[in-house]
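These are my notebook entries on a structure that I looked up piece by piece.

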Amino acid sequence: MTYPSRRQVLLGTGLGIGAGIAAGLTGGSPFRAALATGMAPLSPDTTELSSTAGSSDSLRSLAARRGLFYGCAMKSGQIAEDPAFTAAVVADCSAIVPEYELKRVITEPAPGRFDFSGADRLSLFATEHDMLMRGHTLVWHLANPAWLETALADAPSMKAHMLDYIGTAMRRYGSRVPVWDVVNEAIAPEEGDFLGRRIGSPWFRAFGDGYIDDAFHQARDVAPDAVLAYNDYGVEMSGSWYAARRRAMLLLLEGLVARNVPIDMVGIQGHLIAFDKPFDEEVFARFLADIAGMGLKITITEFDITDRKGPADPAVRDAEVAALGRRFLDVALDCPAVTGLLTWGLSDRYFWVPDDPAQRPPEGQTLRPLPLDENLVKKPLWNAIADALRAS
Ligand code: XIL
């Protein structure tokens with residue numbers, strides 16, 4: 001299997017990983033990519049049947065037909081432990097992202113002692129099923145091993161702890177991971193910084209906000225062909241908290257672009273809350289246009305819709321989640337810079353529940369934020385995603 005260069009990926013002329021995905025990375029046409037690669041646009045892997053058994057309309061094929069990709073977050077243990085779930089991933093997804101096994105607390109538990117076994121297993125799975133694997137993430141203020149937190153506090157000059165790791169992780173996967181979230185969640189207006197920077201980050205405290213520029217320059221030096229992304233959350237809905245975060249993200253991105261920092265893409269996580277703040281199509285569309293206007297591509301990287309604030313009746317929650325999901329995706333998929341969509345999981349059977357007690361569901365209620373229910377049956381949200389892809 002050959003892999004696309006960064007330029008090929010961004011121009012939608014990817015090789016090897018399926019014209020549909022390669023084109024999808026850039027919002028290009030699968031047919032243009034197919035012409036460039038001599039490959040038919042990606043077709044769903046129907047060798048393993050699952051929730052979309054017999055359906056020609058898997059999310060994977062619906063996305064590929066529009067030069068987009070659809071994928072989900074996964075854990076390597078699910079491959080061996082849950083073949084039914086894994087089959088559902090293969091049927092619907094043309095991309096995956098490690099939910100936590102490519103985070104530094106897992107990959108470098110002690111200085112210089114690495115464990116990429118989980119991400120390696122996911123990378124093999126992606127290769128076996130002609131899927132793109134996103135690298136998530138290289139520099140984050142969370143999920144760092146204790147030794148690193150200490151080192152950064154004690155020796156602010158130790159930028160090597162960041163730069164060397166970027167080299168280690170990116171060189172390990174090379175073109176098998178064509179897109180990386182180089183920096184994750186570096187804005188936090190709620191922390192009081194006048195520019196909305198996450199001033200509480202151990203990276204900011206150690207190196208100042210120049211760490212972001214340095215991380216992207218290092219990533220480009222190490223892997224010139226990789227697509228380099230900045231990834232963040234809390235920019236989707238209406239209201240002052242979201243508006244402040246949108247302003248902070250645009251300020252950050254404008255600075256990076258103005259300083260010729262090598263950034264190619266923005267990941268918008270898309271963790272939405274139903275029955276909460278309103279969603280304003282025009283506000284979000286303008287925000288996406290502002291990002292696209294900087295020449296950056298966009299991926300919705302962690303889409304899910306928590307329904308913890310909804311009523312007890314799951315049918316009512318499912319309907320509202322689907323309605324909000326469709327409205328959000330209609331705007332996102334209408335933006336030419338958007339290259340694809342990943343949900344933060346595929347089935348409610350495995351949903352990340354944040355540690356924050358305020359994000360847990362009421363007693364006796366389970367969260368239903370993902371396209372398939374805990375029995376891998378399609379929910380209204382699955383149909384909303386499919387309909388948004390058809391309409392895009
Ligand atoms: C979360 C995972 O889902 C958890 O399994 C892990 O323990 C912590 O990280 N935004 C992000 C993701 O960018 O990396 C986070 O993933 C969820 C919030």
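What volume does the second largest pocket have? I looked this up in a predicted model, and I noted a volume of about 210 Å³ for the second largest pocket.

Entry on the second largest pocket. I found that 16 residues line this pocket, and that Leu195, Arg197, Asp209, Leu251 and Leu252 are the ones that lie nearest its centre. When I asked which elements take part, I noted that helix 12 (210-222) and helix 13 each give at least two residues to the lining, and that helix 13 has the largest share, with 5 residues. Sorting the lining by class, I wrote down 10 nonpolar, 2 polar and 4 charged residues.

Entry on the largest pocket. I then turned to the largest pocket, which holds about 960 Å³ of space. Its lining is made up of 34 residues, and the closest to the centre are Tyr233, His271, Trp352, Pro354 and Gln359. I traced parts of this lining to strand 3 (132-140), helix 13 (240-258), strand 7 (271-273) and strand 8 (297-306), each of which supplies at least two residues. By class, I recorded 13 nonpolar, 8 polar and 13 charged residues in the lining of the largest pocket.

Entry on two helices. Next I looked up how helix 14 (residues 281-292) meets helix 15 (residues 314-332), and I noted that their axes come within 9 Å and cross at roughly 35°. The crossing in which helix 14 passes helix 15 is right-handed. On the side of helix 14 the contact is made by Glu281, Phe284, Ala285 and Leu288, while helix 15 brings Arg327, Phe328, Val331 and Ala332. I sorted the residues of this contact into 6 nonpolar and 2 charged, with no polar residue.

Entry on one residue. Is Ser201 buried or exposed? I first placed Ser201 in the loop between strand 4 (179-184) and helix 11 (202-207). Its relative accessibility is 1%, and because buried means under 20%, Ser201 counts as buried. With its neighbours within four places in sequence left aside, I found Ser201 in contact with His141 and Tyr211.

Definitions and conventions: Residues numbered from 1 in each chain as written. Predicted model: local features only at pLDDT ≥ 70, side-chain atom pairs only at ≥ 80, totals over all residues. Heavy atoms only, no water. Axes fitted to C-alpha atoms, helices over the stretch in contact; angles between N-to-C directions. Helix = DSSP H or I, 4+ residues; strand = E, 2+ residues; numbered from the N terminus. Left-handed = near helix turned anticlockwise from the far one by under 90°. Contact = heavy atoms within 4.5 Å. Nonpolar A, V, L, I, M, F, W, Y, C, P; charged D, E, K, R; others polar. 1 Å grid on protein atoms, 1.4 Å probe; cavity = no way out; pocket = protein on both sides within 12 Å on 5 of 7 lines; lining within 4 Å. Points joined across faces, edges and corners; volume = space filled by probe spheres on them. Buried < 20%, exposed > 50% of the residue type's maximum accessible area, 1.4 Å probe, protein only.
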